[in-house]
Amino acid sequence: MPVVNRIAAMQEEITEWRRHLHTIPELGLECHKTAAFVAERLREFGVDEMHEGIAKTGIVAIINGQGPGPTIGLRADMDALPMEETAPLEYASTHQGRMHACGHDGHTAMLLGAAKYLSETRNFSGRVALIFQPAEEMGGGGEVMVQEGMMDRFDISQVYAIHNAPTKELGTFHTTHGAIMAAADEFRINVTGIGGHAARPQACVDPVLAGCSIVQALQSIVSRNHDPIEKLVISVTQIHAGTTDNVIPETCFINGTVRTFSKDVQAMAVRRMKEIVAGQAASFGVKADLEFEFGYPPTINDAEKAQFAAGVAAEIAGETGVEQHGRPVMGAEDFAYMLEARPGAYLQLGQGESPGCHHPQYNFNDEIGPIGASFFARLVERAQPVSGA
């Protein structure tokens, strides 16, 4: 596998960075220790500009190439998840209840590897903007960075990111032309009836029965209102009601998620959910309120940039090691906001068999560190070659 030789020589260093970051997982926008570590490394590398405090703890570092040209953006997410780690690692989390369960420590280390190489070689024109983003898992740090003017401030013309992919073959790249990840929305339904003694249901208005009927009816949206050729997931993930066996409660709470790729499908789902909740409430004589919260939009690759990125990936992994028309997934990613602002592409990098992301025994595979760093570096050199090279 033709990993860049200079980056291959950084294997131990990239691994060391990643494992240190693994010990200090931080949540949301509060990535203070992580950002401080990243900033310290970038200064050691000799980047030309350092801009901190974007989206509270985000960083954009600029490296100038040889001669004028556009600015290409490379993004790594830095935050972790609020969960306990169970893998017996020597470098396990030292922050109780927090864990790098999605590999953002690895993404950050890969971009640091690329940053060191690009700072040393500068074999490109224009500039590269290294984007270290907080709050991918919660808080929408990508959206915040865009709203704070990052794209215009640094004149970023295109932007790219990669994410590790457990179970996919080690060192292989996967992307698609168009939508690669879904929009992720949340709904909450509060059902209110009249509570009382469970032995006298006739004197009550049961919100549990109404809630169960609402849950079942919601599934008819996918099976009966939706074009099966399109993609839609509606999952109820929480139902909470009652405190004991002999009391009919007064309230029932229902929570879940809606995943879509199309605004038309999304609008249809919202409309039908409102109709179902209102209709079921009327039929059972309860009051039911639907709260629908729009979350991350779909992550949509620019077709031309995805094809270009796949070509660069093939230089690293070989033609057979790149899937450029892969199936999209129903998970969500706030890199979507950056792709709404600028053309670019999002790719997955296989890390071999391992527990999946968000699993308490997940661990980033350090073997792919130099592979991801090489991809980032080659991407810059191919997108913005030095004039005459």
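Before I go on, what you have here is a predicted model, where local features need pLDDT of at least 70, side-chain atom pairs count only at pLDDT 80 or more, and totals for chains, interfaces and linings use all residues. Residues are numbered from 1 along each chain as its sequence is written, and side-chain values use heavy atoms, with hydrogens and water left out.

Back to phenylalanine 173. Is it buried or exposed? Buried, with a relative accessible area of 1%; buried means under 20% relative accessible area, exposed means over 50%, and partly exposed is in between, with a 1.4 Å probe and protein chains only. So what does phenylalanine 173 touch? Not counting residues up to four places away in sequence, its contacts (heavy atoms within 4.5 Å) include Ala313, Ile316, Val322, Leu347, Ile371 and Phe375. Take leucine 347: it is 174 residues from phenylalanine 173 in sequence, yet C-alpha to C-alpha the two are 6.7 Å apart in space.

Next, strand 5. Nine of its 10 residues are buried, so strand 5 is largely enclosed by the rest of the structure. Which strands does it pair with? Pairing here means that DSSP finds at least two bridges between two strands. Strand 3, residues 71–77, runs parallel to strand 5 and is joined to it by five bridges; in that pairing, isoleucine 72 has glutamine 158 of strand 5 as its bridge partner. Strand 16 also runs parallel to strand 5, with seven bridges joining them, and there alanine 161 is partnered with tyrosine 346 of strand 16.

Leaving aside residues within four places in sequence, lysine 305 is in contact with Gln158, Tyr160, Pro343, Gly344 and Ala345. Proline 343 is 38 residues from lysine 305 in sequence, and their C-alphas are 7.0 Å apart.

Four strands form an open sheet, in the order 10-12-8-13, with antiparallel pairing. Which strands are at the edges? Strand 10 (232–241) and strand 13 (287–293), and each pairs on one side only. From one strand to the next, the twist averages 15°. For angles, axes are lines fitted to C-alpha atoms, for helices over the stretch in contact, and angles run from 0 to 180 degrees between N-to-C directions.

Two helices pack on that sheet. Helix 7, residues 207–225, touches strand 8 (183–192), strand 10, strand 12 and strand 13, and its direction makes about 170° with that of strand 10. Helix 8, residues 263–284, touches strand 8, strand 10, strand 12 and strand 13 too, and its direction makes about 165° with that of strand 13. Within the sheet, strand 10 and strand 12 (residues 251–260) pair over nine bridges, and valine 236 has glycine 256 of strand 12 as its bridge partner.

On to the pocket. On a 1 Å grid over the protein atoms alone, a pocket is an open set of points where a 1.4 Å probe fits, with protein on both sides within 12 Å along at least five of seven lines, and lining residues have an atom within 4 Å of a point. The largest pocket has a volume of about 920 Å³, the volume being the space filled by probe spheres set on the points. Of the 41 residues lining it, the closest to its centre are Met181, Arg259, Gly331, Ala332 and Glu333. Which strand gives the most to the lining? Strand 12, with four residues.

Last stop: phi angles. Most residues other than glycine have a negative phi. Arginine 122 has a positive phi of about 50° although it is not a glycine, and its place is in the loop between helix 4 (104–121) and strand 4 (127–133). Histidine 358 has a positive phi as well, about 75°, and is found in the loop between strand 16 and helix 11 (369–383). At 41% relative accessibility, histidine 358 counts as partly exposed.

That's my tour, thanks.
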